[in-house]
Amino acid sequence: MALTKLDPQTALIVVDLQKGIVGSVLAHPIEDVIERARALLAAFRQRALPVVLVNVAGAAPGRTERPPRMTTRPPGWTDLIPELDQQSDDIVVTKRTWGAFASTHLESALRTRGVTQIVVAGVATGTGVESTARQAYEQGFNVTLAIDAMTDARPEAHEYSINHVFPRLGETGATKEIIDLLDTRSV
């Protein structure tokens with residue numbers, strides 16, 4: 001689905017741009033993803049729209065066939081990267097699942113602010129970003145995905161999410177398209 005519009009009260013959710021993840025080997029240069037996330041952050045903040053910064057600090061407790069890649073994390077692993085320029089009015093969510101809505105206060109924080117739509121960016125496309133988008137869609141939010149402001153360690157997961165999953169959850173577009181649409185919202 002092509003990008004058509006943004007609701008008057010749209011929030012930006014930036015997923016897992018944190019010190020322990022941005023140094024990973026990723027399919028796309030992380031510097032480009034960070035720069036586009038920064039552009040989105042600046043545009044949302046300039047218009048006094050809600051910004052959500054998400055980090056991950058653990059995993060869901062269930063058994064899986066694949067063991068966790070790390071059992072202990074080094075100090076600072078969960079710290080949001082300084083390039084996000086965290087502001088006092090940003091909503092900060094620490095998650096312990098793939099998606100930012102499960103077992104967190106995110107839905108109520110957005111509903112309190114009258115948010116009806118979210119824009120999602122960050123890492124990893126096929127896990128944190130996709131799960132957050134799925135959960136938002138299931139909660140009744142309109143979803144937009146900034147596909148040039150995300151990446152994954154697995155190129156095939158990134159492509160699959162963009163081409164097969166995201167069109168079923170919402171609209172996709174480039175950072176510039178999203179920023180341009182911010183000015184066409186009816187307030």
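Two strands pair if DSSP finds at least two bridges between them.

**Ground rules.** The model is predicted, so I note that local features need pLDDT of at least 70, side-chain atom pairs count only at pLDDT 80 or more, and totals for chains, interfaces and linings use all residues. Residues are numbered from 1 along each chain as its sequence is written, and side-chain values use heavy atoms, with hydrogens and water left out.

**Sheet.** I traced an open sheet of 6 strands in the order β3-β2-β1-β4-β5-β6, with parallel pairing. Its edge strands are β3 (91–95) and β6 (171–173), each pairing on one side only. Neighbouring strands are turned by 25° against each other on average, direction ignored.

I followed α2 (residues 30–46) across β1 (10–15), β2, β4 (117–123) and β5 (142–151); α2 runs at about 140° to β5. Helix α5 (residues 155–169) lies across β5 and β6, at about 165° to β5. Axes are lines fitted to C-alpha atoms, for helices over the stretch in contact, and angles run from 0 to 180 degrees between N-to-C directions. Contact means heavy atoms within 4.5 Å.

**Thr-175.** I found Thr-175 in helix α6 (residues 175–182). Is Thr-175 buried or exposed? Thr-175 is buried, because its relative accessible area is 5% (buried is under 20%, exposed over 50%, partly exposed in between, with a 1.4 Å probe and protein chains only). Its side chain makes a polar contact of 2.7 Å with that of Asp-148. Such a contact is a pair of N or O atoms within 3.5 Å; within protein, one must be able to donate a hydrogen and the other to accept it, and residues adjacent in sequence count only if both atoms are side-chain atoms. Beyond neighbours within four places in sequence, I listed contacts of Thr-175 including Arg-36, Ala-39 and Leu-40.

**Cores.** The largest nonpolar core has 34 residues. A nonpolar core joins buried Ala, Val, Leu, Ile, Met, Phe, Trp, Tyr and Cys residues through side-chain atoms within 4.5 Å. Leu-17, Ile-30, Leu-40, Phe-44 and Leu-84 have the most contacts inside this core. Helix α2 gives the most to it, 8 residues.

Notes:
Helices (H or I, at least four residues) and strands (E, at least two) are DSSP runs, numbered from the N terminus.
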